[in-house]
Amino acid sequence: MRSTSERASRFLMVQNAQKSGSLDASPFDVYLQPHSDDICFSLGAFAYQRHCGILLTVFSISAYVPLRPGATRPAAEWVTKTRIAEDTAFAEACGLNTRRLELEEPSLLGHHSRDLSWVNKNLKRIKLPLLDILLAAPLDKPSHGRPWLFCPIGIGGHVDHVATRMLVNQNYDQLSLRYRIGFYEDLHYASSATARSVGITNLFQGMRGRQLHRYVFPLGEYVSKKLALIQLYKSQFLAMPRSIEQFTPAVAAPNMPHEAIWSNEPIGPLLQT
Ligand SMILES: [Zn+2]
């Protein structure tokens, strides 16, 4: 457990790293999200401030919307179209280009979203198409820093999030030649301390001894901007969230609204040239 002063100094260090441009954004940065909304909820303010990159959605065919008791479930075609439109509005607000794999989320294949007995089969079906896109990026050249690949940790145990993180873990050496890899804390799931702790333990296991550092991006003046971005996803709420509480990781005090990634990239200037 880190002391309060250690946490505070890490916090300041990362703030300074951002100010000095060591997390420089690139138009080739990839924001990898299992579903429409994951980047907005988890890294929305961060992506908004960086304002360039590619929003890559893996499971874009969806039937998921929350429903009031007794309400009729809308057709998957309508849900998919609506969620893609919501994501397009978010991408436009953040200066991101969009790419999508047209894979179905679990309910359309007869699986529960938390059924991890199915995770290896799920991983198998995303492996080739997703690696195809990710490995198409050119290898790093000495004069250019590698772009970032932001990948979900899988906090909350959704089988699509976990499979996506496993794919990056299992192909880490190949991918890290092309990208600096940052694993983001999945929100809203990471707003539960228990779910967050389980998810981060699984990430460390998947990294097989590689060191990871946590980088914190305080929302600061961007709290209302992040809420406005979240509210673009109208189909995903029965009542619009008015508080940031569910969209910030549950860490010990002192806590303030933030987003976070874990990365093996070195502390200090993060940009490698
Ligand atoms: Zn998701």
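Reader: Where in the chain does Asp37 sit?

Author: Asp37 is placed in the loop between strand 1 and helix 2. The model is a predicted one.

Reader: Why is Asp37 called buried?

Author: A residue counts as buried when 20 or more other C-beta atoms lie within 10 Å of its own. Asp37 has 25 other C-beta atoms within 10 Å, so Asp37 is buried.

Reader: What makes the backbone of Asp37 worth a remark?

Author: Most residues other than glycine have a negative phi. Asp37 is not a glycine, yet its phi is positive, at about 110 degrees. Arg208, also not a glycine, has a positive phi of about 40 degrees.

Reader: Where is Arg208, and why is Arg208 called exposed?

Author: Arg208 is in the loop between helix 7 and strand 6 (213-218). The cut-off for exposed is 12 or fewer C-beta neighbours. Arg208 has 8 inside 10 Å and therefore counts as exposed.

Reader: How do you know that the peptide bond between Leu187 and His188 is cis?

Author: From omega, which is about 15 degrees for the bond that joins Leu187 and His188. Most peptide bonds are trans. His188 belongs to the loop between strand 5 (180-184) and helix 7 (193-206).

Reader: What makes helix 4 oblique to helix 5?

Author: Helix 4 and helix 5 pack at about 55 degrees, with 9 Å between their axes. That makes helix 4 oblique to helix 5, because roughly parallel requires an angle under 35 degrees and roughly perpendicular starts at 65. The crossing of helix 4 and helix 5 is right-handed.

Reader: Which residues of helix 4 and helix 5 meet?

Author: Val119, Asn122, Leu123, Ile126, Lys127 and Leu130 of helix 4 meet Val159, Asp160, Val162, Ala163, Met166 and Leu167 of helix 5. The contact of helix 4 with helix 5 divides into 9 nonpolar, 1 polar and 2 charged residues.

Reader: Where does helix 4 bend?

Author: Helix 4 (residues 119-134) bends by about 45 degrees at Lys127, and Pro129 follows within four residues.

Reader: Which residues of helix 4 are buried, and what do they pack against?

Author: Asn122, Leu130 and Leu134 are the buried residues of helix 4. Their partners are strand 1 (30-33), strand 4 (148-152), helix 5 (159-170) and helix 6 (172-178).

Reader: Why is Gly157 called partly exposed?

Author: Partly exposed lies between the two cut-offs, 12 or fewer for exposed and 20 or more for buried. Gly157 has 18 C-beta neighbours inside 10 Å and therefore counts as partly exposed. Gly157 is in the loop between strand 4 and helix 5. Beyond its neighbours within four places in sequence, Gly157 is in contact with Arg114, Leu116 and Val162.

Reader: Why does Thr82 count as partly exposed?

Author: Thr82, in helix 3 (residues 76-93), has 18 other C-beta atoms within 10 Å, so Thr82 is partly exposed. Thr82 and Lys234 are 152 residues apart along the chain, and 9.2 Å separates their C-alpha atoms.

Reader: How do you know that Leu56 is buried?

Author: Leu56, in strand 2 (residues 54-57), has 22 C-beta neighbours inside 10 Å, so Leu56 counts as buried under the cut-off of 20 or more. Leaving aside neighbours within four places in sequence, its contacts are Val30, Tyr31, Leu32, Gln33, Arg99 and Ile133.

Reader: How many of the 273 residues in the protein are buried, as a percentage?

Author: Buried residues make up 39% of the 273 residues.

Conventions. Residues are numbered from 1 along each chain as its sequence is written. This is a predicted model: local features need pLDDT of at least 70, side-chain atom pairs count only at pLDDT 80 or more; totals for chains, interfaces and linings use all residues. The bend at a residue is the angle between axes fitted to the seven residues ending there and the seven starting there. Helices (H or I, at least four residues) and strands (E, at least two) are DSSP runs, numbered from the N terminus. Two residues are in contact if their C-beta atoms, placed from the backbone, lie within 7 Å. Axes are lines fitted to C-alpha atoms, for helices over the stretch in contact, and angles run from 0 to 180 degrees between N-to-C directions. Angles under 35 degrees count as roughly parallel, over 145 as roughly antiparallel, 65 to 115 as roughly perpendicular and the rest as oblique. A crossing is left-handed if the near helix is turned anticlockwise from the far one by less than a right angle, and right-handed if clockwise. Ala, Val, Leu, Ile, Met, Phe, Trp, Tyr, Cys and Pro count as nonpolar, Asp, Glu, Lys and Arg as charged, and the others, Gly among them, as polar.
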